[in-house]
Amino acid sequence: MASSLSPPEVPMELHAVNREKLLNSLRAHLSSSSRPSQGFVLLEGGKEQTRYCTDHEELFRQESYFAYLFGVKEPGFYGAIDVASGDSVLFAPRLPAAYAVWLGEIKPLSYFKEIYKVNKVFYTDEIVNVLLDLYKGMGNPLLFLLHGLNTDSSNFSKPAEFQGIENFERDLNTLHPILAECRVIKSDLELALIQFANDISSEAHIEVMRKIRVGMKEYQLESMFLHHTYMFGGCRHCSYTCICATGENSSVLHYGHAAAPNDRTFHDGDMALLDMGAEYHFYASDITCSFPVNGKFTSDQSLIYNAVLDAHDAVISTLKPGINWVDMHKLAEKVILESLKKGNLIMGDVENMMAERLGAVFMPHGLGHFLGIDTHDVGGYLKGAERPKELGLSSLRTSRELLEGMVITVEPGCYFIDALLVPAMENTKTSKFFNHEEIRRFRGSGGVRIESDVRITSDGCINMTKCPRKIEDIEAVMAGAPWTIKKTSVGCVNGGI
């Protein structure tokens, strides 16, 4: 299959806008703290990594904060922003002559100044002298360095290091929360890239739907997706490791890792849960489709699928600025529980089920997460904010109220996970809710997840993902019906038969 899409040009203005946003926020913070707007924001870009002790270099992907501010795809750079003047400065590695033999042309500094649209470019071994020369204030220049907690990974950002840093005052506390919050609200230029990543990924998911056949290996589905997004979208990187789970594997939330490498042969009657998203110019997509590998839903598969779809649609129809994300998670849980009750899998009062956190037995993960330069994008928990502690809610990657310009995933799911079901069915507080005979039929069937990427507008939201979702549409597409992914501007999203 060919594609109606082609990779868009990426304007470096995008990163200039990001730098301006940071400067405005940082200056406002310094002013409110009665501190002078002087010094330099200094970030160290990513370095190439080799595979353990070998000389095999892993495919490089830029550190995300550095990518956000400068858009530099090469390793070994530093970047600075003069807080007083607003000037941006890149520092490129001084490459050895042998580079030209093995890795290609050694670009002059003027090349990087032109391509990345910064004010000045020097070599990394000139950082000390350049920053001292540029500084117009009194005393030693102050460096605002990036150091802070990523609330998804519990890892800390690594502040820049270089020889001669002792000549500078260093602030390790101010920059991180301000820069992380800048990343939460996307500009129109950022939204356009996220939309393209969604368009090409939606198209690739549909291609997999069309080509899937009983008896294939899961990794063949991954291969189809990766080929399509690279061949037609220029997406060399994936946003995360592809999850291509079929049958019982679809109840493994982060299947696809090295110990479970998408290698099962799937059979007639299996459900597939495919969580795959391409990355374009650092910006991610994150899409999950669930469907029967033979192209036809059974009544049991329809029951679980529609329970999740109803939750997905209920949340999206509610999203707008001011809505609390914890409330949306609870809404999704409630809709799924109501559907399962209607399907006779569970019984009793749904409000009582909610009070006993029964929803977390079927959906143990959070409803979604911010999306941007990282799949699990930063800013989910503001400094001082506490995670909810209740079962299921503790997995939420944010508890914030939504703001215009946020991009967030909506990914409800319903899974039959023995490690959760068995204890809940034996627990005196929750056992009464289960129709044990009916539940037994579903054990081992896996699970369903439906995930779309949504941007919050001034009065609602727009779903950026364009995959077929209704059962009749999925079955039609899998039988060969057309489904067009139309190229759209940020303000217009369409797709359909």
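Reader: What covers the buried residues of helix H10?

Author: This is a predicted model, where local features need pLDDT of at least 70, side-chain atom pairs count only at pLDDT 80 or more, and totals for chains, interfaces and linings use all residues. Residues are numbered from 1 along each chain as its sequence is written, and side-chain values use heavy atoms, leaving out hydrogens and water. Helices (H or I, at least four residues) and strands (E, at least two) are DSSP runs numbered from the N terminus, and contact means heavy atoms within 4.5 Å. The cover of H10 includes helix H9 (299-318), helix H11 (350-355), helix H12 (359-362), strand S13 (407-410) and strand S14 (413-415).

Reader: Which residues of H10 are buried?

Author: Buried means under 20% relative accessible area, exposed over 50%, and partly exposed in between (1.4 Å probe, protein chains only). In H10, the buried residues include Trp325, Val326, Met328, His329 and Leu340.

Reader: Which residue caps the N-terminal end of H10?

Author: Look for a polar contact, a pair of N or O atoms within 3.5 Å; within protein, one must be able to donate a hydrogen and the other to accept it, and residues adjacent in sequence count only if both atoms are side-chain atoms. Here a side-chain oxygen lies 2.9 Å from the backbone nitrogen of Val326. The oxygen belongs to the capping residue, Asn324.

Reader: Are the rings of Phe66 and Phe70 stacked, edge-to-face or tilted?

Author: Rings of Phe, Tyr and Trp (its six-membered ring) pair if their centres lie within 6.5 Å; planes under 30 degrees apart count as stacked, over 60 as edge-to-face and the rest as tilted. By this rule there are 12 aromatic pairs. Phe66 and Phe70 have ring centres 5.0 Å apart and planes at 40 degrees, so this pair is tilted.

Reader: Why are Phe66 and Phe70 separated by about one helical turn?

Author: Both residues belong to helix H2 (residues 64-70). They are about one turn apart because their spacing in that helix is four residues.

Reader: Is Phe112 buried or exposed?

Author: Its ring partner is Tyr111, in an edge-to-face pair with 5.2 Å centre to centre and 80 degrees between the planes. Tyr111 is partly exposed, at 27% relative accessibility. Phe112 has 9% relative accessibility, so it counts as buried.

Reader: In S10, what is the bridge partner of His237?

Author: Two strands pair if DSSP finds at least two bridges between them. Two bridges join S7 to strand S10 (residues 278-280), and these strands run antiparallel. The partner of His237 in S10 is Glu279.
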